[in-house]
Amino acid sequence: MRDAVATGEIERVYVLAPDRLARRYAHQVLLMEEFHRAGAEVIFLNHAIGGTAEDDLLLQIQGVIAEYERSKILERSRRGRRHAAQSGLVSAFTTSPYSYRYVPKALGAGVARFDVVPEEARVVRLIFAWVGLERVSLREVCRRLQQAGVMTRRGSTRWYAATLGGMLTNTAYIGRAIYGHARYVSGPPKLLRPLRGHPDPCRRPSVRVKVPREEWIEVPVPALVDAAVFEAAQMQLQENRQRKRASWTGPRWLLQGLTVCRRCGYAYYGKTAPQSKRDPAKGVYCYYRCSGTDGYRFDGHAVCDNLQIRGDYLEQAVWDRVRALLQHPDRVAGEYHRRLAQTQAHANRSEDVLQLERQIARLERGIGRLIDSYAEGVIEPDEFQPRITGLKRAEPGSKSSVGRQ
Ligand SMILES: [Zn+2]
């Protein structure tokens, strides 16, 4: 609409109320000024703004109040959840860890609770026993789970070491779920190269910061694992970390975080190999190698067969290109403008995609809740059938009331 106003296509903008125009007061002022400059008239349907100084003042005050109320609602809901956590209520959480099912207030007779999912709880106990007692590696646990055909919560049979690491440190499994152990704040973009499967640069980077332990709030939930086994698993994780740190010495990699495999999209990483197996004093060769070619990262099956490359060759080749480019500043400027245009085009497109994804997520949540209510006997089969069919048929793009059910 701002573009259309700027090109003179729109003469008059009708807005229901000032707080519908912009979320922030500063943006409201900016938009009003912009529309005024372009010669477009703004009409608020809840109140006629006549253009006198008093009207302007009223409009601005409405904008400020709206912004104040919004932040108050946000703060109130944050405080509400904090209060719930302090009172030991699981309604403080928005989701439940693997092996628990979140039963919301409406279905739990007025009190939200975590129910244990027995078959998933068995998996959790197995994982803790494997790591804490058998002392196997996280990758080995991944392989075992995969072989047993155990499903993750998202319905995949592929397990990742990072997921397991998160589970093994989650004190919910010994009956103490933590509220507020991390906070998200906006931070600067830090990506050296695009993430695999994410062609767009991160548009709104947020950084997860850890909250000091004293500020954590523990909420009691059903325990699944013996405290001693949990402790043993922590020791094993600590040992893994130390072993990893010990191998951190060695060459620094010039192209670390910058090279990506063209064939499979995984990152290339630096690796050394001895020049002579018999005589270690001869030193090492440095290589860059595609992570996709390492079978051990993918349950024994490499996903790529691209070749590794000698580090000195690759670094020299990259440096030659950089030098050649620096001799032609106009090419750098051209590329800068091309990327700028591309980023803007991407931003427009991904807004649509994001909206569709949000809608799909909403529908899936609706279906999940419907199945839960059916399983709990809250609704009858003859009510259930038409609604689930309706949900499954709901196409992204057609506004449905699913999200509000
Ligand atoms: Zn590759």
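Three strands form an open sheet in the order β9-β10-β11, with antiparallel pairing; strands are DSSP runs of E of at least two residues and helices are runs of H or I of at least four, numbered from the N terminus. The model is a predicted one, in which local features need pLDDT of at least 70 and side-chain atom pairs count only at pLDDT 80 or more, while totals for chains, interfaces and linings use all residues. Residues are numbered from 1 along each chain as its sequence is written.

The edge strands of the sheet are β9 (268-274) and β11 (309-310), each of which pairs on one side only; two strands pair if DSSP finds at least two bridges between them. Strand β10 (residues 284-290) runs antiparallel to β9 and is joined to β9 by 7 bridges. P274 stands opposite V284 of β10.

Helix α5 (residues 118-132) comprises 15 residues and spans 21 Å from its first C-alpha to its last, close to the expected 21 Å, where the expected span is 1.5 Å times one less than the number of residues. Buried residues in α5 are V123, V124, I127, F128, W130, V131 and G132. A residue is buried if 20 or more other C-beta atoms, placed from the backbone, lie within 10 Å of its own.

Beyond its neighbours within four places in sequence, L164 is in contact with I127, L138, V141, C142 and W159, contact being C-beta atoms, placed from the backbone, within 7 Å.

Notes. A residue is buried if 20 or more other C-beta atoms lie within 10 Å of its own, exposed if 12 or fewer, and partly exposed in between; C-beta atoms are placed from the backbone. Two residues are in contact if their C-beta atoms, placed from the backbone, lie within 7 Å.
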